[in-house]
Amino acid sequence: MRATLMYNAGDIRVETIPDARIVEPTDALLRVTRACICGSDLWPYNLMEPVERGRPMGHEAIGVVEAVGADVRTLKPGALVVMPFAYSDGTCVFCHEGVHTSCVNGGFFGSPEPGGAQAEAVRIPQADGTLVPLPVGPDDALMPSLLTLSDVMGTGHHAAVTARVGPGRAAAVIGDGAVGLCGVIAARRLGAEQIIILGRRPDRIALAKDFGATDVVSERGDEAVERVRDLTHGLGVHSVLECVGTDQAMGTAIGIARPGGAVGRVGVPHYETTDAWVTGFYSNVTISGGPAPVRAYLDELLPEVLEGRIEPGRVFDRVIGLDEVPAGYRAMNERESIKVMVKP
Ligand SMILES: [Zn+2]
């Protein structure tokens, strides 16, 4: 089968590798009908050290179940399903507590095992717990929005939940990538009264406003902190959705949170620590967040998409075939594209 492998920073290839197959009786085999490139894929695209055997890439997909192992109970071949970026059994203590990304039998796609989703097919461990059937056909017009439930919409929602967004509260979203834009959707959906987007690219700002952003801050660092304070009567916001993962973004997040507020961080951290920890201590700011338990949120968010109340699929601005994936990485890395969909 054809699959995407990364060998080094900037060295991404689509190659023929052995077919994905069922290994454990709890596995399913998924034929990928839609995949995409994630902002988090750009971290290794820029920083990865060279490897001999390429790393399989891709952790977001919708596909058709081709086959199931002997112990799979809830899925049948032919079912169209969405795949969260982490697999989970749905039965362990952490799954019951809603932290599916810490499942004791879980793990992440886009790794040597089980493989990546920027491919024609992928092995799905813990299929019963992981996959969620979709009540639509594989070419339904809702496909882009349904695909975001695999990661970015669930991740934006996690940022909003862990930042304790609620009715009447002021929220700020750091980052105008697909996750930040989905964070705006989530903040609005959870009732935030004011939603400040921190970003600077006109097409993304326009989309953020469509999704419900009430204010835009294009400055960075201390100037961004000043601007947000100006917009909140000098107080800061109750909730900060940190959707970048850099030292500067975290510093800004803590700087704009009001005393007693919360930061929900979902940008994969690429810093050891930040000077702002001290500021956050004195202002009693809660720092929360982490890898989103997308599986936990699917039950809540799927009806929102099916019934047309949210349209996170608007973050996709380019559709490519599998062989064009290297060009797709380039386009997202150069910020020519917000998010790229792949049709294998
Ligand atoms: Zn579990």
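**S145.** I began with S145, which is buried at a relative accessible area of 8%, where buried means under 20% relative accessible area, exposed over 50%, and partly exposed in between, with a 1.4 Å probe and protein chains only. I placed S145 in helix 4, residues 143–148; helices here are DSSP runs of H or I with at least four residues, strands are runs of E with at least two, and both are numbered from the N terminus. Leaving out residues up to four places away in sequence, I found that S145 touches V305, E311, P312 and G313, contact being heavy atoms within 4.5 Å.

**Basis of the entries.** I note that this is a predicted model, in which local features need pLDDT of at least 70 and side-chain atom pairs count only at pLDDT 80 or more, while totals for chains, interfaces and linings use all residues. Residues are numbered from 1 along each chain as its sequence is written, and side-chain values use heavy atoms, with hydrogens and water left out.

**Zinc site.** I looked up which residues hold the zinc ion, and the protein donors are D89 (OD), C92 (SG), C95 (SG) and C103 (SG), at 2.1 to 2.3 Å from the ion. Donors are N, O and S atoms within 2.8 Å of the metal (3.2 Å for Na, K and Ca), and since water is not among the atoms, sites may look incomplete. Along the chain the zinc donors follow the spacing D-x2-C-x2-C-x7-C. The angles among the four donor atoms run from 91 to 120°, and the site is tetrahedral, a label that four donors receive if all angles lie between 85 and 135 degrees. For reference I wrote down that the ideal angle for four tetrahedral donors is 109.5 degrees.

**Strands 3, 5 and 6.** I followed strand 5 (residues 61–68), which pairs with strand 3 (residues 28–36) in the antiparallel sense over seven bridges; two strands pair if DSSP finds at least two bridges between them. Strand 5 is also joined to strand 6 (residues 80–83) by four bridges, and these two run antiparallel. V64 let me trace both pairings, being the bridge partner of R31 and standing opposite L80 in strand 6.

**L75.** In the loop between strand 5 and strand 6 I found L75, which is buried, with a relative accessible area of 5%. Neighbours within four places in sequence aside, L75 is in contact with V68, V81, A127, D128, L131 and P133.

**Sheet 2-1-4.** I then turned to an open sheet of three strands in the order 2-1-4, with antiparallel pairing. Strand 2 (11–16) and strand 4 (55–56) stand at its edges with a single partner strand each, so one side of each has no neighbour in the sheet. Strand 1 (residues 2–8) is joined to strand 4 by two bridges, and L5 has P56 as its bridge partner in strand 4. Helix 12 (residues 325–333) packs on this sheet, touching strand 1 and strand 2, and its direction makes about 160° with that of strand 2; axes are lines fitted to C-alpha atoms, for helices over the stretch in contact, and angles run from 0 to 180 degrees between N-to-C directions.

**Helix 7.** In helix 7 (residues 202–211) I listed R204, I205, L207, A208 and F211 as the buried residues. Seen down the helix axis they fall within an arc of 160°, so they line one face of helix 7, the arc being that of the directions from the helix axis to the C-beta atoms. On the other side of helix 7, P202 and K209 are exposed. The cover over the buried residues includes helix 6 (178–189), strand 12 (194–198) and strand 13 (215–217). Just after helix 7, I noted that G212 takes a positive phi of about 125°.

**Helix 9.** Seven of the ten residues of helix 9 (residues 247–256) are buried, so I recorded this helix as largely enclosed by the rest of the structure. Its buried residues are A249, M250, T252, A253, I254, G255 and I256.

**A292.** Last, I looked up A292, in the loop between strand 16 (286–289) and helix 11 (294–306), and found it buried, with a relative accessible area of 2%. Apart from neighbours within four places in sequence, A292 is in contact with F85, T101, G154, T155 and H158. A292 and V319 are 27 residues apart in sequence and 25 Å apart in space, C-alpha to C-alpha.

How values were computed
Tetrahedral: all angles 85-135°; square planar, octahedral: opposite > 155°, others 65-115°.
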